[in-house]
Amino acid sequence: MDFIWFIIDFIIHIDQHLLQIINQFGSWTYLILFAIIFVETGLVIFPFLPGDSLLFVASALAALDHSILTIGLLFVIFLAAAVIGDTVNYELGKKIGLSVTEHRVFGKFLDKEKVATAEVFFDKHGGKTIIIARFMPFIRTFAPFIAGASNMHYGQFIRYNFFGGFLWVSICCIAGYFFGNIPFIKEHFSLIVLAVIFISILPMIIAFIRSKLTKNTTKAS
């Protein structure tokens, strides 16, 4: 439970925690940022790690005078982590398959409802899910795994993977760099982070509600 509260606090106050990391680790911060994005996108049991907000905040800090972070290097680091992470996740899905959700050990770390939602999303949108999911927490982590488990052609996957990663990193980094230090945003940063998270998961909430309504309609008829 303490770990869960730590993650929640880290996400909500990510600007403060990232400043602490920079002050403590200096240039090694780049490696830490790479690791967080890689783990979030590459290991299917860690969908709760911050993605959008981390890119936004790191880019906002890069815009500050005398910051050790540079937006160009951040972009390269984040893009590499996103693309490599999704590729690893795809390979895991290809080798392990969706049966891992029933595994007595690993199955405990996976939210089966979230996986099922991602499956429905993937079935509906096909390969484009890899691009769309970049902007949706949880779905972002499960989509490449499901693509691998579904034997999606790797050539097709890597194109969607790179294009989706490029869009995601570009939008988040540009937004953070140019808007992250606006006084209003800085003063209400926690609320902005929560708003970003809510907007990111809104399509998933809508899809879930539609699924429930469809099931109820089917049962009624």
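**A friendly note on a predicted model**

1. Let us begin with one face of helix α2, where Q20, N23 and Q24 are exposed. Please keep in mind as you read that this is a predicted model. Which residues of α2 are buried? They are I14, H17, L18, I21 and I22. These five cover an arc of only 140 degrees around the axis, which puts them on the same side of α2. The exposed Q20, N23 and Q24 are on the other side.

2. Now look at the helix as a whole. Helix α2 runs over residues 14-25, so to speak from I14 onward, and has 12 residues. From its first C-alpha to its last it reaches 16 Å, close to the 16 Å expected at 1.5 Å a residue. Just after α2 comes G26, which takes a positive phi of about 60 degrees.

3. The next stop is the largest nonpolar core, which has 23 residues. Which residues have the most contacts inside this core? They are L18, I37, L74 and F78. The elements that give two or more residues to the core are α2, α3 (29-42), α4 (52-62), α5 and α9 (154-179). Of these, α4 gives the most, with 6 residues.

4. Leaving aside its neighbours within four places in sequence, F78 is in contact with L33, I37, L54, L55, A58, V169 and C173. One of these partners, I37, is itself among the residues with the most contacts inside the largest core. Apart from this core lies another, of 9 residues, among them Y90, M136, I139 and A143.

5. Next, please find N89 in helix α5 (residues 71-96). Is N89 buried or exposed? N89 is buried, with a relative accessible area of 0%. A polar atom of the N89 side chain lies 2.7 Å from the backbone oxygen of T141. Setting aside neighbours within four places in sequence, the residues in contact with N89 are T41, G42, L43, V44, T141, P144 and F145.

6. Finally, the aromatic rings. How many aromatic pairs does a search of the whole structure find? The search finds 7. In one of them, F75 and F166 are edge-to-face, with 5.8 Å centre to centre and 85 degrees between the planes. F75 lies in helix α5 and F166 in helix α9, so the pair ties together parts that are 91 residues apart in sequence.

7. Being 4 residues apart in helix α9, F162 and F166 are separated by about one helical turn. F162 counts as partly exposed, at 45% relative accessibility. Together, F75, F162 and F166 form one aromatic cluster.

How values were computed
Residues numbered from 1 in each chain as written. Predicted model: local features only at pLDDT ≥ 70, side-chain atom pairs only at ≥ 80, totals over all residues. Heavy atoms only, no water. Expected span 1.5 Å × (residues − 1). Buried < 20%, exposed > 50% of the residue type's maximum accessible area, 1.4 Å probe, protein only. Arc of directions from axis to C-beta. Polar contact = N/O pair within 3.5 Å; in protein donor to acceptor, adjacent residues only side chain to side chain. Contact = heavy atoms within 4.5 Å. Core = buried A, V, L, I, M, F, W, Y, C linked by side-chain atoms within 4.5 Å. Phe/Tyr/Trp six-rings, centres within 6.5 Å; stacked < 30°, edge-to-face > 60°.
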